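Please read the following report with the sequence and the model side by side.

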Amino acid sequence: MREEIVKLLKKEGKLSEDAIDEIKQVNLGDFVNLVKEIGKKETEYINASEISKDLDTKYIGKEIFVFNEVSSTNTVARFLSDNGVENGTVVISEKQTNARGRSGKSWESPLGGIWLSIILTPDVDHSKLPLITLATGVAVAKTLEKSGVKNPEIKWPNDIMIGGKKVCGILTEATAKFNTIENVIIGVGIDSNLNIGDFPKEMQDGTTTLSIELQEKVQENELIKLFLKEFEEISELFNHEGYEEILKEWRKRSYSIGKIVEVRAPFNKNYDGYVVGIGKEGALIVEKIDGTLEKVISGECIIKN
Ligand code: BTN
């Protein structure tokens, strides 16, 4: 993380090349105000004050930092979170140069997408983490519905799909102390105003974007505002233990239930099965060929039909 924050400060002209030796001696936390200062600007497409205008949330998005380019909004959010920013702070960047996806994959983040991270300090048992991830998927799906997308679906655990193609991915990264979650960084990547040609060839078949689906340019600031509202609504449910309601909303939009899948389990223990549902802790329930039920808590699940 140190390298990435230093790179950001250098790129924005906050540190000179020859300051490197001094940097090595200072605590990374000393840079927090510089990072916040850089994040206080408007970029070409993202405007924090437009997002904040009429945003009637209690804590989500009360503080929003916007960058032109960062390595990963999750990294910057983790840095800010480790250095004392508020629950609900949002970090947005127009571009990411080293964005992370699930399962150690990288994430394409050119100009034209919505790349953001939310910092949460939920104070719950770490077993609840999968539910936070599912809840975020529901918030994105509801946002897309309100923006005119017909039938967005959620592929377990949290890929948002339109017509069988992925339009959004979510990466939650948490730190826990004694089984209690200290903070969670929820990274959301929405392929909004992008063309298929913006993605590498091998991704093009399985990917779509909002501007393609809606046949018009998406208003990024409006979409982000809508999402932050939906996100707070569902995180309030989470805070009041409305887990069943979250699961109900997730099941309503499930792309996975009823499909044949290949589960890529740890230690190469892969197997095929039929998805019968989702359990109360957020695990996918898969019926194996021999009729036994398996709970999939993490890992990859490839849809076969
Ligand atoms: C996936 O693999 O589907 C998850 C992709 C998550 C991408 C988002 S974009 C904003 C945030 N910053 C990152 O580095 N990753 C997440």
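A salt bridge is a side-chain nitrogen of Lys or Arg within 4 Å of a carboxyl oxygen of Asp or Glu. In this model, which is predicted, a search of the whole structure finds 23 salt bridges. Side chains of opposite charge can pair when their charged atoms come close. The table lists some of these pairs.

| Salt bridge | N to O distance |
|---|---|
| Glu300 and Lys105 | 3.0 Å |
| Lys252 and Glu249 | 3.4 Å |
| Glu281 and Lys295 | 3.2 Å |

The side chains of Glu300 and Lys105 meet in a salt bridge, and because Glu300 belongs to strand 12 while Lys105 sits in the loop between strand 2 (90-96) and strand 3 (114-120), this pair ties together parts that are 195 residues apart in sequence. Lys105 is partly exposed, with a relative accessible area of 49%.

The salt bridge between Glu281 and Lys295 ties together parts that are 14 residues apart in sequence, because Glu281 lies in the loop between strand 9 and strand 10 (284-288) and Lys295 lies in strand 11. Glu281 is partly exposed, its relative accessible area being 28%.

Salt bridges that share partners also join Lys142, Glu145, Glu249, Lys252 and Arg253 into one network. Lys252 is exposed, with a relative accessible area of 58%, whereas Glu249 is buried at 9%.

If neighbours within four places in sequence are left aside, Leu228 is in contact with residues including Ile51, Leu55, Val90 and Ile118.

Which order do the strands of the open sheet follow? The 5 strands run in the order 11-10-9-8-12, with antiparallel pairing. Strand 11 (293-296) and strand 12 (300-303) are the edge strands, and each pairs on one side only. From one strand to the next, the twist averages 45 degrees. Inside the sheet, strand 8 (residues 260-264) and strand 9 (residues 271-278) pair in the antiparallel sense over 4 bridges, and Val261 stands opposite Gly273 in strand 9.

Terms used. Residues are numbered from 1 along each chain as its sequence is written. This is a predicted model: local features need pLDDT of at least 70, side-chain atom pairs count only at pLDDT 80 or more; totals for chains, interfaces and linings use all residues. Side-chain values use heavy atoms; hydrogens and water are left out. Contact means heavy atoms within 4.5 Å. Two strands pair if DSSP finds at least two bridges between them. Helices (H or I, at least four residues) and strands (E, at least two) are DSSP runs, numbered from the N terminus. Axes are lines fitted to C-alpha atoms, for helices over the stretch in contact, and angles run from 0 to 180 degrees between N-to-C directions. Buried means under 20% relative accessible area, exposed over 50%, partly exposed in between (1.4 Å probe, protein chains only).
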